[in-house]
Amino acid sequence: MDFAVVGVNHNNTPINIRETVSFTDTQKIEGINFLLDNGIEEAVILSTCNRSEVYIYSKNILDKVEVVKNFYQDYFDVENIEEFLFNKTGEEAIKHVFNVSAGLDSLVLGEDQILGQVKDAHDFARQLGSSKKVFNKLFREAITVSKDIKTTTKISHQPLSISYIGIKCLKEKMGSLENKNALVIGLGKMSKLAMKHLEEEQLNNIYVTNRSYEKLKNIQDEYKNLIPIKYEDRYEVMDKVDIVISATASPHTVLKKAEMPKTSNKLIMMDIALPRDIDKNLNELENIEVYDIDDLKKISQANDKKRRELACIGELIIDEKIEEFNEWLDTIKIDPTIQSLNDKCSDIREDTLDYIYRKLDLNCREKKIIDKMLTSALKRLVREPIINLKQIKDSGKQEEYIKIVEELFDL
């Protein structure tokens, strides 16, 4: 058995490719079923605006990596996708899980949002039965370590989320956001963070729209100067705003060039969704500038020097946890042997009790006493071999002892 991760992410793949291999929940189900049907033991799919990655644990791991690569090519039908797919195996793949969970492989170093996304991806796989003993342990450890790193280093205390960088980018482009008006499209985490940061910049009015108008009413009291508008009226406020921020989960474009009215005011649009919300051709219109997630990457690179220093501490913590995880992996190698020993004891117990009960006329209480005594005696017989096997650190020596135990006990 071994580990691997295959996919694309912001490190080596542009946004137009990433958005074409982004998984919906339905596609995750189909993908996981395909992987399990093709002999992969365990699988988790993580799909965010910055990454589409498939984690697997299985025998013949290099062959299974090819299965995942072929799945990406055939399922998404993206031309030349193989040029962007990366893969990591073994301990490198394990470290990738820890780094991603801790935000150390994120566009914004140390960001918090990815931790929840990893947890959701693992929960999703666990409910489908594709995350079992090994991945349950791995992802739980990665999530726990991530929380430890954030507590120890406070790496995420500097607000550098995509939403925050987007607002800073807007401020940089406009000089000041004070007394400006904004339109925010969507009501997800990114949109709410954007509204929070916009409030801090003392905007005049923040128009907000969402496909569900009722949801807008529920948040109206949470933000100052918030003006809910119906989704179908979003184009009508374009001449009233200076800024547009869009972060929906829509699979389709929510602002189209063909439907955009002419405006005399300058409009700066920030698209922080994936797939993208805003038609990139809007850049061709006079007085309109459109920026997306990849544009924010340049700003994030200038803001994360301190986080990189803290990330070094996080990596040391991760290295310690990976060593502990590898030790745990070594111990589970003996699980089949332990199970066989227990099964052997169970067979002996049942055969012996059956013989005793047939030969002796015992009441219920006497049967229970004999059962408990026999069970305890058999456990004492195998307890020491099991403990000693678990304490062996040398994997070669452990495998040798496992073989000896199996031969001696005829397992």
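**Loops, phi angles and a buried arginine**

Reader: Between which strand and which helix is the loop where Asn60 is found?
Author: Happy to start there! This is a predicted model, in which local features need pLDDT of at least 70, side-chain atom pairs count only at pLDDT 80 or more, and totals for chains, interfaces and linings use all residues. Residues are numbered from 1 along each chain as its sequence is written, and side-chain values use heavy atoms, leaving out hydrogens and water. With helices (H or I, at least four residues) and strands (E, at least two) taken as DSSP runs numbered from the N terminus, the loop of Asn60 lies between strand S3 (51-58) and helix H3 (61-76).

Reader: What is the phi of Asn60?
Author: Most residues other than glycine have a negative phi. Asn60 is not a glycine, yet its phi is positive, near 50 degrees.

Reader: Is Asn179 buried or exposed?
Author: Asn179 sits in the loop between helix H7 (162-174) and strand S5 (181-185), with a positive phi of about 65 degrees. Buried means under 20% relative accessible area, exposed over 50%, and partly exposed in between (1.4 Å probe, protein chains only). Asn179 has 57% relative accessibility, so it counts as exposed.

Reader: What is the relative accessible area of Arg18?
Author: Arg18 belongs to helix H1 (residues 15-18). Leaving aside neighbours within four places in sequence, its contacts (heavy atoms within 4.5 Å) include Val8, Cys49, Leu274 and Asp294. Arg18 is buried, because its relative accessible area is 3%.

Reader: Which residue does a cis peptide bond join to Leu274?
Author: Most peptide bonds are trans. Here omega is about 0 degrees, and the partner of Leu274 is Pro275.
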